[in-house]
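Please report on how this structure is divided, how its parts pack against each other, and where the ligand sits. Keep it brief.

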Amino acid sequence: MKINLTINKKRYSHDVEPRLLLVHYLRETVGLTGTHTGCETSLCGACTVELDGKAVKSCTMFAVQADGANVTTIEGIASDGKLHRVQEAFWNEHGLQCGFCTPGMIMASKQIIDRNGTPSEAEIRHGLEGNLCRCTGYQHIVNAVKAAAAAGR
Amino acid sequence: MFAQTFDYTAPKTLDEAVKLIGGGAKALAGGMSLIPMMKLRLAAPEHLVDLGRIKDLNYIREEGGALHLGATATHYDVESSALVRSKCPLLAETAAAIGDVQVRNMGTLGGSVAHADPSADYPAALQALEAKIVLRGANGDRTVSAADFFVDAFTTSLGEGEIVREVIVPIDSSGASYQKAPQPASGFAMVGIAARVKKAGGKVTEARIGVTGLTNSSFRATAAEKALEGTGGSPADIQKAAALVAQGADANSDIHASADYRKHLAGVYAGRALSAAIGRAS
Ligand SMILES: Cc1cc2nc3c(=O)[nH]c(=O)nc-3n(C[C@H](O)[C@H](O)[C@H](O)COP(=O)(O)OP(=O)(O)OC[C@H]3O[C@@H](n4cnc5c(N)ncnc54)[C@H](O)[C@@H]3O)c2cc1C
Ligand code: FES
Ligand code: FES
């Protein structure tokens with residue numbers, strides 16, 4: 001089936017099998033490997049991308065469902081060589097160790113501060129419930145989201 | 001993980017979707033239950049009809065003293081709707097308790113009720129609200145009460161070729177609360193209790209208690225409701241009523257919680273939901 005969509009402000013058009021998952025489409029067809037596959041069972045959030053402004057798990061969605069949509073991946077949030085403020089905050093606050101969960105964590109964190117400019121610690125933790133990290137123990141990630149929110153005010 | 005191959009159609013109108021589903025195709029809404037099942041090959045539909053592009057299914061509005069929610073209203077739509085938060089906070093509170101942000105951004109009210117997972121959150125609230133579920137089939141609409149809709153685990157009274165079109169919940173002045181014991185990994189309710197209470201002259205005049213997660217299907221704990229009605233709703237009255245919620249229930253048992261533990265949780269969470277509801281009612 002033919003799909004047309006916008007990814008990181010660029011238009012793409014491909015013929016895909018309906019069963020192709022969005023995450024595999026992004027990684028293998030389009031070549032954007034920043035989005036990771038972790039669990040492939042909708043639990044870890046490593047595959048999180050933004051679809052028309054909403055954070056979604058791209059391993060639990062078929063590429064055909066994204067026909068006509070606007071997709072943003074981790075590769076698309078920095079602009080003009082300048083990191084997005086969530087990326088900057090993860091760097092400054094040591095929000096990552098191995099980095100495997102990071103693309104998904106950053107996309108989920110971006111959703112939190114896009115919806116609420118002054119999230120409390122509890123709201124940040126609630127907003128990250130769909131993302132797992134095996135390294136950091138989460139505290140530095142929570143600190144990074146707080147810092148990113150403050151940087152946007 | 002790849003699903004078995006299938007055909008995919010994304011109609012723009014409800015009529016087209018009903019026709020395709022009447023012909024044996026399977027509905028796809030948020031995909032948060034169906035896609036994981038397809039990837040695990042627990043489901044292998046030959047033809048998927050994506051309801052996501054049907055504008056007539058995506059709405060939340062007030063009409064005739066009730067809230068009408070279209071089947072494809074997402075959990076996020078429900079939790080963030082100013083209308084739902086002011087007219088039926090119980091439903092917004094329940095939606096906000098489902099899974100995680102990404103799941104709530106995609107998963108839909110219609111998909112959740114049609115799937116009828118024994119641990120899903122919405123059924124408890126819909127039972128306590130005495131909600132109505134409107135089904136659309138080839139012969140038009142038919143309305144079923146939540147009590148009659150949820151039949152068994154993953155089993156509803158949806159007929160062949162029918163889809164969930166909307167959910168209707170009454171707007172009234174009762175106080176309500178949803179309390180759940182989440183399964184730590186997925187967030188599904190090991191037990192979830194929705195309580196809705198009306199008070200007048202210092203007495204509980206009406207109590208409704210919806211239970212999910214405890215047994216194969218959600219249900220209303222009528223014995224507990226009756227025990228609370230007519231009392232002052234004191235902590236002792238709540239204790240007495242909450243103790244009846246799991247009485248006689250054929251409780252589920254799995255690696256997350258044994259039947260006895262689920263029954264224990266039902267009493268504890270019923271107590272919490274009832275105290276919060278009574279607090280909000282007065
Ligand atoms: C990680 C994770 C955590 C979750 N945690 C929770 C939780 O804590 N609590 C909870 O309640 N749920 C939870 N869920 C499930 C989630 O709420 C789903 O969104 C919901 O069960 C199904 O809705 P959907 O729109 O995604 O439906 P789909 O997955 O698209 O469809 C599910 C089933 O319903 C049918 N269907 C869909 N729409 C209709 C319709 N309008 N008419 C007739 N049939 C229809 C489909 O054919 C399919 O059989 C979780 C899911 C995931 C992946
Ligand atoms: S890979 Fe999608 S949630 Fe883990
Ligand atoms: S930084 Fe290693 S999994 Fe999160």
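Chain B of this predicted model splits into three domains: domain 1 (7-50), domain 2 (57-170) and domain 3 (175-280). The centres of domain 1 and domain 2 of chain B, taken over C-alpha atoms, are 18 Å apart. Domain 1 of chain B brings 10 residues to their contact, and domain 2 of chain B brings 13 residues. Together, domain 1 and domain 2 of chain B bury about 910 Å² between them. Carbon and sulfur atoms give 82% of that area.

Which residues of domain 1 of chain B lose the most area to domain 2 of chain B? They are B:Leu14, B:Val18 and B:Met32. Together these three make up 50% of what the domain 1 side buries.

**Between the chains**

Next comes the interface of chain A with chain B. Here 34 residues of chain A touch 32 residues of chain B. The two chains bury about 2500 Å² between them. Carbon and sulfur atoms carry 59% of this area. On the chain A side, A:Arg19, A:Phe62 and A:Gln65 lose the most area to chain B.

**The ligand site**

Ligand 1 lies between chains A and B. Around ligand 1 there are 32 residues. B:Ala27, B:Met32, B:Leu34, B:Thr108 and B:Asp121 come nearest.

By class, the shell around ligand 1 holds 16 nonpolar, 13 polar and 3 charged residues.

| Residue | Polar atom of the residue | Distance to a nitrogen atom of ligand 1 |
|---|---|---|
| B:Asp121 | side chain | 2.6 Å |
| B:Val164 | backbone | 2.8 Å |
| B:Ser186 | backbone | 3.3 Å |

How much of ligand 1 does the protein bury? Taken alone, ligand 1 exposes 970 Å², and the protein buries 95% of that.

Three elements of chain B give two or more residues to the shell around ligand 1: β2 (26-28), α7 (109-115) and β10 (163-170). Which element gives the largest share of that shell? The answer is α7(B), with 4 residues.

Notes. Residues are numbered from 1 along each chain as its sequence is written. Chains are lettered from A and ligands numbered from 1 in the order in which they are written. This is a predicted model: local features need pLDDT of at least 70, side-chain atom pairs count only at pLDDT 80 or more; totals for chains, interfaces and linings use all residues. Side-chain values use heavy atoms; hydrogens and water are left out. A residue is near a molecule or strand if one of its heavy atoms lies within 4 Å of it. A polar contact is a pair of N or O atoms within 3.5 Å; within protein, one must be able to donate a hydrogen and the other to accept it, and residues adjacent in sequence count only if both atoms are side-chain atoms. Accessible areas come from the Shrake-Rupley method with a 1.4 Å probe; for residues, only the protein chains shown count as cover. Ala, Val, Leu, Ile, Met, Phe, Trp, Tyr, Cys and Pro count as nonpolar, Asp, Glu, Lys and Arg as charged, and the others, Gly among them, as polar. Domain bounds come from an automatic or database domain assignment. Contact means heavy atoms within 4.5 Å. Buried area is the accessible area (1.4 Å probe) that two parts lose on being put together, summed over both.
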